[in-house]
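Biologist: Hey, can you walk me through this one? I'm new to reading structures.

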Amino acid sequence: MNARFEYLLRLGDDALIMGQQLGLWTGHGPVLEEDIALTNIGLDQIGQARAWLTLAGRCEEKGRDEDQLAYFRPPAEFRNALLCERPNGHFGDTITRQFLFDAYATELHAGLCHSEDSEIAAIARKSAKESAYHLRHSRAWMIRLGDGTEESHHKLQNSLNEIMPYAEDLFYTDTVTALAASEGWGIDPSSLRDAWDTHVEEMLKESGLNRPQSTAEQTGGRMGQHSEQLSQLLKEMQVLPRTYPNAEW
Amino acid sequence: MEKKNWPLWEIFIRSRQGLSHRHVGSLHAADAEMAVENARDVYTRRQEGASIWVVPASAITASSPDEKSVLFDPADDKVYRHPTFYDLPDEIKHM
């Protein structure tokens, strides 16, 4: 197995699915300004996905580019964490998913800036600034809604209860992550756990939300075990290039 | 459910080359922090800005259009207030 290819696919697929999900909010944001904010963040993540997947394709050495990896793989070959494919739901669901991911991505990108692989480090340096802003945005919303009205607090607590177990998949470790860490070009995600937890704790304290009772933690995304939700999402994302291969505009 | 509009904020951006903040428009936001973030997304996407100010629109006191003639017309015939009678050395910028 090509560990670097696998590892880069995970980074790229996380960003791609998160970006695609935010893209679905275009024209549906709660207010115009937030509509633009969500779309901007989604575009940042699509940009990150392009960089990771292009690099993944080069590491694979089978001639696949970013488009082939994004548009011509079936769901079982996607390596995104299960958190990323949780449905958009209402605005609070989307923001909760985004916050849990942004807290992870901020630490991940900061760590990857020190990668032994200069290309990985370069993409991480660009992404780190974006992720730090994304976290600032989603964190502010968690606090605003958690500490808002009785209704907003109640809704957000439910979102957190439902979505948080899927964040476990972000910290999944196996031979790929072990090799990435030992060779110094990647990061063992479990090493990000404490920093991530600090972000979550601070958010909980300021928002007045409660840490969900630990329920069965969900993993499997890194092995290609996905929910029906991902199939639906990919179907919509991939239909155009699959119907008209090599189409340009 | 009653849907209230968020307060209106006036946005001022200092551009990369600019010396002072300029009014660029307005937007809605629930609080000042959100106003800065929204301004960043709405008005600085194409590298326009190096600094953002947000001001609650309600905090701005404007002159009344009715007073226009009283306020501004008296300046019409006072050309001596313009520094056009001096030769400016080339080294003086931003005049």
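Biologist: Where is the place of A:Ala195?

Modeller: A:Ala195 sits in helix α8 of chain A, residues 193-207; a helix here is a DSSP run of H or I, at least four residues, numbered from the N terminus. Before we go on, this is a predicted model, where local features need pLDDT of at least 70 and side-chain atom pairs count only at pLDDT 80 or more, while totals for chains, interfaces and linings use all residues. Residues are numbered from 1 along each chain as its sequence is written, chains are lettered from A and ligands numbered from 1 in the order in which they are written, and side-chain values use heavy atoms, with hydrogens and water left out.

Biologist: How far apart are the C-alpha atoms of A:Ala195 and A:Tyr104?

Modeller: They are separated by 8.3 Å, and the two residues are 91 residues apart along the chain.

Biologist: And what is A:Trp196 in contact with, leaving aside its neighbours within four places in sequence?

Modeller: Its partners include A:Leu100, A:Tyr104 and A:Phe171. Contact means heavy atoms within 4.5 Å. A:Trp196 is also one of the residues with the most contacts inside the largest nonpolar core, which has 74 residues. Such a core is a set of buried Ala, Val, Leu, Ile, Met, Phe, Trp, Tyr and Cys residues joined through side-chain atoms within 4.5 Å.

Biologist: New topic: how many residues does the contact take from chain A and chain B?

Modeller: Chain A gives 15 residues and chain B gives 16 residues. In chain A, the residues that lose the most area to chain B are A:Glu33, A:Tyr133 and A:Arg144, together 43% of what that side buries. Buried area is the accessible area (1.4 Å probe) that two parts lose on being put together, summed over both.

Biologist: Which residue meets A:Arg144 in a salt bridge?

Modeller: B:Asp31, at 2.9 Å, N to O. The rule for a salt bridge is a side-chain nitrogen of Lys or Arg within 4 Å of a carboxyl oxygen of Asp or Glu, and two are found across this interface.

Biologist: What about A:Asn40, buried or exposed?

Modeller: A:Asn40 counts as buried because its relative accessible area is 10%. A:Asn40 lies in helix α2, residues 32-60 of chain A, and touches B:Asp41 and B:Arg45, leaving aside its neighbours within four places in sequence.

Technical notes: Buried means under 20% relative accessible area, exposed over 50%, partly exposed in between (1.4 Å probe, protein chains only). Helices (H or I, at least four residues) and strands (E, at least two) are DSSP runs, numbered from the N terminus.
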